[in-house]
Amino acid sequence: MIFQKANHLKGEVTVPGDKSISHRAVMFGALAEGVTEVTNFLQGADCLSTIDCFRKMGIEIENTPEHILIHGRGLHGLTQPACVLDAGNSGTTTRLISGILAAQNFETMLTGDASIQKRPMRRIMEPLSMMGAKIASVNNNDCAPLCITGAPLHGIHYHSRVASAQVKSSILLAGLYADGETMVTEPTVSRNHSEIMLRYFGADIRTEGKTAIVQPEPVLKGQKVTVPGDISSAAYFIAAGLLVPGAEVYLPNVGINPTRNGILRVAQAMGGDITLLHVNDAGEPTADLLIKHSPLHGITIEGDLIPTLIDELPIINIMAACAEGTTVIRDAAELKVKESNRIDVMVEHLKAMGCDITGTDDGMIINGGNPLHGAVIDSHMDHRIAMSFAIASLIADGETHIKGSDIVTISYPNFYEDLAKLTR
């Protein structure tokens, strides 16, 4: 697709439901007894992959425009799939479902698309194996496809080397089936959607500092889940509202979970005018966001802040490119093992647009303030790269051509339509 500079940006956008919470609602609903009703479910390709996997394991799931109904069969109600489970492009599906499959009384083959087959799975294979799981990389490269043979599991205390909600959740889900308490300690607390939702469904789970602790064999009960708007999807409109001169954007019902809201803290620290309205702290906290154009300045982003905005770093790069002064991003080596190597891709393409940016081993250094110009951008089939450069095009002179732009369907099927509404 070809994008051009915006002369106007104003209006309201309701961003789609949170991807992380949508995945978990299906998984936990399948393991619960009774019906789980999910509203504002994200109808993106990743979440549909999760639905497909559980349908193949005998779970009846009704998907209508109004809601998702998951007819759960309890913790031990899954059945052996007749074919390979395909997680598509979804790392969340792949890693979380592995923790569940590790405890079943059947063997499963789990795969995904070309991107998933390059993403590191040793980070879940190691702790699940410590619990007694039989999990093997078919190609012996620590990546999918995975062959998972269910086995009796025992509880462990795992000290994770990475702050990753996917790793933590995979272990906690396996812990539901273990013979004793399971604990996961992280270097920094990652997003805690699994802990919040498992507790809501009836699991005995608690958090002590950087450690999440789950007791085995809970009786999970079907629940009603309303999915808040995805702050990772909202991030693109937050950036657009701050960067386009004269812009004003209103985003209702966005999730502001403290383990996910780093984009708000960074934007405000850079000088962004963001007002939180109608804040609701019950369960998963939400708020309406009002964003107004603001001159931004560079800051340093590092340490415990990184896990709260890891998916938003590509769009933060765009904000930094337009800010006065220098922005330094550290402790973000995890960017190298996302859908693409996001450090290399962002550096390459922002340079092509005229930005003074240097990649480092764990981040980048961005000397902002240079005018951006259009360029040819390769999304590398990474939805967050495509959306980030669509926003960059709004303040770049000339045309920006994004190859593989349709990949946004992974997380935000109507992204381009919603962006067009604001620029009319």
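Val35 stands opposite His71 in S5, and the two strands concerned, S3 (residues 33–39) and S5 (residues 68–73), pair in the antiparallel sense over six bridges. Here two strands pair if DSSP finds at least two bridges between them, and both helices (H or I, at least four residues) and strands (E, at least two) are DSSP runs numbered from the N terminus. S3 also runs parallel to strand S14 (residues 224–226), to which three bridges join it, and Thr39 stands opposite Thr226 in S14.

This is a predicted model, in which local features need pLDDT of at least 70 and side-chain atom pairs count only at pLDDT 80 or more, whereas totals for chains, interfaces and linings use all residues. Residues are numbered from 1 along each chain as its sequence is written, and side-chain values use heavy atoms, with hydrogens and water left out.

An open sheet of four strands, with mixed pairing, has the order S18-S19-S21-S20. Its edge strands, each pairing on one side only, are S18 (300–301) and S20 (356–360). Helix H9 (residues 313–322) packs on this sheet, touching S18, S19 (325–329) and S21, and the direction of H9 makes about 25° with that of S21. Contact means heavy atoms within 4.5 Å, while axes are lines fitted to C-alpha atoms, for helices over the stretch in contact, with angles running from 0 to 180 degrees between N-to-C directions. S20 and S21 (residues 363–368) pair in the antiparallel sense over five bridges, and Ile357 has Ile366 in S21 as its bridge partner.

A pair of aromatic rings is described by the distance of the centres and the angle of the planes. Rings of Phe, Tyr and Trp (its six-membered ring) pair if their centres lie within 6.5 Å, and planes under 30 degrees apart count as stacked, over 60 as edge-to-face and the rest as tilted. By this rule the count comes to eight aromatic pairs. Among them is the edge-to-face pair of Phe28 and Phe201, at 6.3 Å centre to centre and with 85° between the planes. Phe28 lies in helix H1 (residues 19–31) and Phe201 in helix H6 (residues 193–201), so the pair ties together parts that are 173 residues apart in sequence.

Grid points are joined across faces, edges and corners, and a volume is the space filled by probe spheres set on the points. The structure holds two cavities of 30 Å³ or more.

| Cavity | Volume | Lining residues, including |
|---|---|---|
| Largest | about 40 Å³ | Lys168, Glu186, Thr207 and Lys210 |

The largest pocket has a volume of about 620 Å³. Of the 40 residues that line this pocket, the closest to its centre are Ala163, Ser164, Ile310, Glu334 and Lys338. H1 gives the most to the lining of the largest pocket, with four residues.

Conventions
On a 1 Å grid over the protein atoms alone, a cavity is a set of points where a 1.4 Å probe fits but cannot get out, and a pocket is an open set with protein on both sides within 12 Å along at least five of seven lines; lining residues have an atom within 4 Å of a point.
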